[in-house]
Amino acid sequence: MGLTKTKPILLDLPDRFESERMVIRAPQWGDGAAVNAAVAESMESLRPWMPWAHHLPTVDETEADLRQARLLYLERKDLRLLLVHKETEQIVGSSGLHRIDWPARRFEIGYWVRSSYEKQGYITEAVHAITDFAIRELQANRVEIRCDARNTRSASVAERAGFTLEGILRSETVNPGGSLRDTMVFAKVRGFEYDQA
Ligand SMILES: CC(C)(COP(=O)(O)OP(=O)(O)OC[C@H]1O[C@@H](n2cnc3c(N)ncnc32)[C@H](O)[C@@H]1OP(=O)(O)O)[C@@H](O)C(=O)NCCC(=O)NCCS
């Protein structure tokens, strides 16, 4: 049945899958402390780019945020995905499929990495696995990555994962510091970066 006519809440979706080194899964009740520790460790890297990282949340605030994210996952309104290391069982970072347009089957991947796991290819690995999930399970027609044009580390992830830079939207929004920013738009599109099958 085409997704265009299917209510998203009726979609049967797994809430976990795996990449080589990680379990990639929807948040669960009780993840708050582990995710909060990952955020606490990474605040300096997150603050310039993530609007929510202006101050370290309490564990209860993180727990509440993750419970809300789980509810949204179950409603298929927004698909937050935690990255959990298979061996250490630590939170490697967070990602997900956001700004969903179900009729068009368009999704945007977001991500951040825990500082002690950066520069080891975990986010590129997660982006590959999440893109495959979107194509296979959600029949995605278009998967986007958007980032501040000055965020070279994020743009490198998109390029390494095989996304095409489609353009740079000038003065598209504001950064966490309140200044206008240009936004790079990368995408993989059915029939272009991946096949119909
Ligand atoms: C953007 C962000 C997630 C990128 O993290 P990252 O660690 O550079 O990305 P990856 O996990 O894919 O690792 C890639 C790096 O590991 C290296 N690497 C090591 N082993 C690797 C492997 N097996 N596969 C791929 N890359 C590997 C790559 O060479 C690359 O390093 P380089 O950039 O020095 O060449 C991180 O900088 C971050 O969290 N920033 C703050 C939040 C943010 O900006 N989010 C994006 C908002 S749009």
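A: A salt bridge is a side-chain nitrogen of Lys or Arg within 4 Å of a carboxyl oxygen of Asp or Glu. The structure has 17 of these salt bridges. The model is predicted: local features need pLDDT of at least 70, side-chain atom pairs count only at pLDDT 80 or more, and totals for chains, interfaces and linings use all residues. Residues are numbered from 1 along each chain as its sequence is written, and side-chain values use heavy atoms, without hydrogens or water.

Start with helix α2, residues 59–75. Helices (H or I, at least four residues) and strands (E, at least two) are DSSP runs, numbered from the N terminus. The end C-alpha atoms of α2 lie 24 Å apart, and that agrees with the 24 Å that its 17 residues should span at 1.5 Å a residue. The expected span is 1.5 Å times one less than the number of residues.

Which residues of α2 are buried? They are T62, E63, L66, A69, R70 and Y73. Down the helix axis, these buried residues of α2 fall within an arc of 125°, so they line one face of the helix. Buried means under 20% relative accessible area, exposed over 50%, and partly exposed in between (1.4 Å probe, protein chains only). The arc is that of the directions from the helix axis to the C-beta atoms.

What do the buried residues of α2 pack against? Their partners are helix α1 (32–46), strand β3 (79–85) and helix α3 (122–137). Contact here means heavy atoms within 4.5 Å.

Now look at L74, which also sits in α2. L74 counts as partly exposed because its relative accessibility is 42%. Just after the helix comes R76, with a positive phi of about 65°.

R67 pairs with E63, and their closest N and O atoms are 2.7 Å apart. Both residues belong to α2, and they are four residues apart, about one turn of the helix. E63 is buried, because its relative accessible area is 13%. R67, at 33% relative accessibility, counts as partly exposed.

R142, E144, R146, E166 and E172 are linked in a network of salt bridges. R146 takes part in a salt bridge with E144, whose closest approach between N and O atoms is 2.8 Å. E144 is buried, with a relative accessible area of 6%. R146 is partly exposed, at 27% relative accessibility. R146 also bridges to E172, with the closest N and O atoms 3.8 Å apart. R146 is in strand β6 and E172 is in strand β7 (residues 164–174), so this pair ties together parts that are 26 residues apart in sequence. E172 counts as partly exposed, since its relative accessibility is 34%.

Helix α4 (residues 152–160) has its own buried residues: S154, A155, V157 and A158. These four cover an arc of only 150° around the axis, which puts them on the same side of α4. On the other side of α4, T152 and R160 are exposed. The buried residues of α4 pack against β5, α3, β6 and β8 (180–189). After α4 comes G162, and its phi is positive, near 85°.

Where else does a positive phi turn up? One case is R105, a residue other than glycine, with phi near 55°. R105 lies in the loop between β4 (91–101) and β5 (106–113). R105 counts as buried, because its relative accessibility is 18%. Another case is Q139, which is not a glycine either and has a positive phi of about 50°. Q139 is in the loop between α3 and β6 (142–148). Q139 is partly exposed, at 32% relative accessibility.

Come back to α2 to finish. T62, E63, L66, A69, R70 and Y73 are its buried residues. They pack against α1, β3 and α3. Among them, E63 is also the salt-bridge partner of R67.
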